[in-house]
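Good morning, and thank you for coming. Please look at the structure on the screen while I take you through some of its parts.

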Amino acid sequence: MDFAEQLKSSVDIVKTIGEYVRLKRTGTTGRYMGLCPFHTEKTPSFNVNATMQRFKCFGCGQGGDIFAFVMEIERISFFEALKLVAERNGIAMPRREYTDPDSKLRGALMEMHEIAASTFQANLNSPNGLEARNYLAGRGVNPERITEFGLGISDPGGQQLVRKYGGRFAPEHLEQSGLVMKRQDGSGFFDRFRGRLMFPIHNESGKVIGFGGRALRSGDEPKYLNSPETPLYRKSYVLYNLHRAKDAIRKADYSVLVEGYMDVIGVYAAGVRNVVASCGTSLTNTQVRALKRHSDRVVVTFDPDAAGANAAERSIQMLLDESLQVRVVELEVDLDPDEYVKQNGADTYRGRLEKAPAYFHWLADRARKKFDMHTVEGRMQAFKFVAPAIQRIADRLERFAVANDVADYLGVDEKLVRDHFSKGTAERRVVNRGPEVPPNERLLLNSLLASERARTEVIPALREMAAIERFITKNVFKALFSLHAGGIPFRLADLEGRLGDADRDLLSVVIFADEVLEEEKAAIQASACLLSLRAQDPKSEIAGLRTLIKAAEREGNIQEVLRLAEELDRRSRREATSQL
Ligand SMILES: [Zn+2]
């Protein structure tokens with residue numbers, strides 16, 4: 001068994017996937033379900049099968065083993081996934097070089113980021129860090145928070161990292177790090193971040209993959225300078241603080257979305273641990289999905305000045321599009337959450353979060369202020385103000401529920417509302433649960449996958465059955481037959497390897513459809529399936545045997561011809577008897 005196989009058999013796929021996706025146990029032993037992290041959905045079609053150690057989404061088709069999952073969600077290579085899974089489970093990797101250039105590059109970049117983070121922190125703690133420490137103290141960030149968030153400062157000289165990296169990393173790796181920049185005349189490198197307050201940005205597993213750098217002196221432009229896109233850091237995927245916040249998000253069953261690094265730290269310091277921010281970009285759907293993996297409820301808290309409100313509006317739309325339940329906390333003008341907490345205290349802020357109104361009520365409240373609510377027309381206008389947002393709700397039932405609720409809230413006749421929404425309300429998303437496999441095929445295949453004894457006992461008989469030709473899963477059966485004929489120990493991966501995409505999909509459908517049986521039960525089930533197949537259609541079985549005999553004759557396989565002829569004879573006699 002190679003290391004990957006060994007690792008796979010010693011780690012728990014449910015636990016590993018469970019760190020990214022909230023999984024619920026289903027009625028069937030060893031099966032778990034959750035919302036798919038790879039596509040937008042409201043009802044779970046993402047399955048994990050603990051016994052088979054595999055996952056499968058019947059919505060978007062993603063599926064595979066633990067490494068396939070980690071590769072996809074962390075967007076890393078197979079080798080890196082192997083390393084990550086081994087590390088998290090405290091299993092030593094065999095010493096081996098990074099083999100593919102991509103992993104090698106990313107390994108080097110990880111190391112550079114670690115060095116940068118500890119260098120920046122040491123700078124902040126040195127006498128040169130006094131100014132920055134004073135600035136942070138002024139903003140109420142105590143030393144404990146500084147350590148917890150790994151804050152630091154970059155050296156103003158622009159050579160500190162370059163010197164630390166010198167000789168240790170290849171120039172082509174340096175160039176892609178986003179931490180140093182090439183001089184225009186090509187004579188070497190200089191540090192990208194100079195004399196800035198540095199916020200390390202982590203991926204979901206807690207590794208530093210980028211930085212946000214805030215100017216410390218007024219007049220330093222830009223105010224915020226962030227790491228560029230690198231092979232490690234893909235802005236649209238990363239949420240600031242998610243690695244620290246995710247447990248709290250699950251516990252509270254909601255997240256708090258703010259805008260900046262300082263907001264996160266301020267709100268976090270107030271005891272609100274479930275807080276995240278998009279990293280200096282407008283919120284993307286990949287970021288929203290990362291949030292949704294931990295809870296589908298979110299409170300957006302923002303400064304209602306024009307820029308803040310517009311940004312919030314965009315974020316909210318994105319959140320709604322991904323089917324999150326959004327509530328809203330609107331702070332006083334010109335106060336960001338960090339300052340609000342400082343002025344009003346942590347308890348007041350937490351109270352506002354708890355009592356935050358649902359987005360559609362908040363929007364309705366804004367509409368109330370705009371229109372004359374004493375008249376029917378005014379109320380209808382207010383409703384029309386909210387209507388476009390309601391219209392965007394993908395789910396028809398939810399759309400109607402929200403529309404009725406808002407109409408009620410604004411005092412608008414529900415009948416008018418229904419008229420307004422009855423046009424153009426075809427369901428936007430169709431859930432595709434994958435192809436249907438008839439129960440007999442499914443049970444038979446599953447018992448064969450589960451039991452060596454079932455394979456030994458049933459496959460020889462099954463091979464000759466014409467009924468197989470009519471199976472939706474006939475290619476899977478045939479691949480299984482030829483593997484079995486090869487005499488090597490059965491492995492699911494080998495079977496998958498022999499299938500095209502469509503058949504591999506069918507195989508997943510089958511694997512996830514039923515409970516995995518113990519050896520003995522599987523063998524019994526396989527025999528029962530075989531009997532019922534034979535009983536179902538004796539005539540076509542006989543026809544099938546005739547075809548097989550002809551084929552064997554053509555091949556000149558006399559032994560096979562004789563054996564099949566004997567079988568045909570037996571069947572024909574049985575068939576004749578049963579008709580009497
Ligand atoms: Zn999916």
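In this predicted model, the zinc ion has four protein donors: the SG atoms of Cys 36, Cys 57 and Cys 60, and the ND1 atom of His 39. These donors lie 2.1 to 2.3 Å from the ion. What geometry does the site of the zinc ion have? The angles among the 4 donor atoms run from 103 to 118 degrees, and the site is tetrahedral. Along the sequence, the donor residues follow the spacing C-x2-H-x17-C-x2-C.

Cys 36 belongs to the loop between β2 (31-34) and β3 (46-49), while Cys 60 belongs to the loop between β4 (54-57) and β5 (63-64), so the pair ties together parts that are 24 residues apart in sequence. Is Cys 36 buried or exposed? Cys 36 counts as buried because its relative accessibility is 7%, and buried means under 20%. Cys 60, with a relative accessible area of 36%, is partly exposed.

I turn now to the aromatic rings. The count for this model comes to 21 aromatic pairs. One of them is formed by Phe 55 and Phe 69, whose ring centres are 5.4 Å apart and whose planes make an angle of 85 degrees, an edge-to-face arrangement. This pair links distant parts of the chain: Phe 55 is in strand β4 and Phe 69 in helix α3 (residues 66-74), 14 residues apart. Both Phe 55 and Phe 69 are buried. Ring pairs also join these two with Tyr 20, Phe 38 and Phe 46 into a cluster.

In general, the strands of a sheet pair through backbone hydrogen bonds, in either a parallel or an antiparallel manner. Here, 5 strands form an open sheet with mixed pairing, in the order β12-β14-β13-β15-β16. At the edges are β12 (239-240) and β16 (325-330), each of which pairs on one side only. Within the sheet, strand β13 (residues 255-258) and strand β14 (residues 275-278) pair in the parallel sense over 3 bridges. In this pairing, Leu 257 stands opposite Val 276 of β14.

Which strands does helix α13 touch? Helix α13 (residues 306-321) packs on the sheet and touches β13, β15 (297-302) and β16, with its direction at about 170 degrees to that of β15. Helix α15 (residues 346-354) lies across β13, β15 and β16, and runs at about 140 degrees to β16.

Thank you for your attention.

Definitions and conventions: Residues are numbered from 1 along each chain as its sequence is written. This is a predicted model: local features need pLDDT of at least 70, side-chain atom pairs count only at pLDDT 80 or more; totals for chains, interfaces and linings use all residues. Side-chain values use heavy atoms; hydrogens and water are left out. Two strands pair if DSSP finds at least two bridges between them. Helices (H or I, at least four residues) and strands (E, at least two) are DSSP runs, numbered from the N terminus. Contact means heavy atoms within 4.5 Å. Axes are lines fitted to C-alpha atoms, for helices over the stretch in contact, and angles run from 0 to 180 degrees between N-to-C directions. Donors are N, O and S atoms within 2.8 Å of the metal (3.2 Å for Na, K and Ca); water is not among the atoms, so sites may look incomplete. Four donors count as tetrahedral if all angles lie between 85 and 135 degrees; four count as square planar and six as octahedral if opposite donors are over 155 degrees apart and all others between 65 and 115; anything else is irregular. Buried means under 20% relative accessible area, exposed over 50%, partly exposed in between (1.4 Å probe, protein chains only). Rings of Phe, Tyr and Trp (its six-membered ring) pair if their centres lie within 6.5 Å; planes under 30 degrees apart count as stacked, over 60 as edge-to-face and the rest as tilted.
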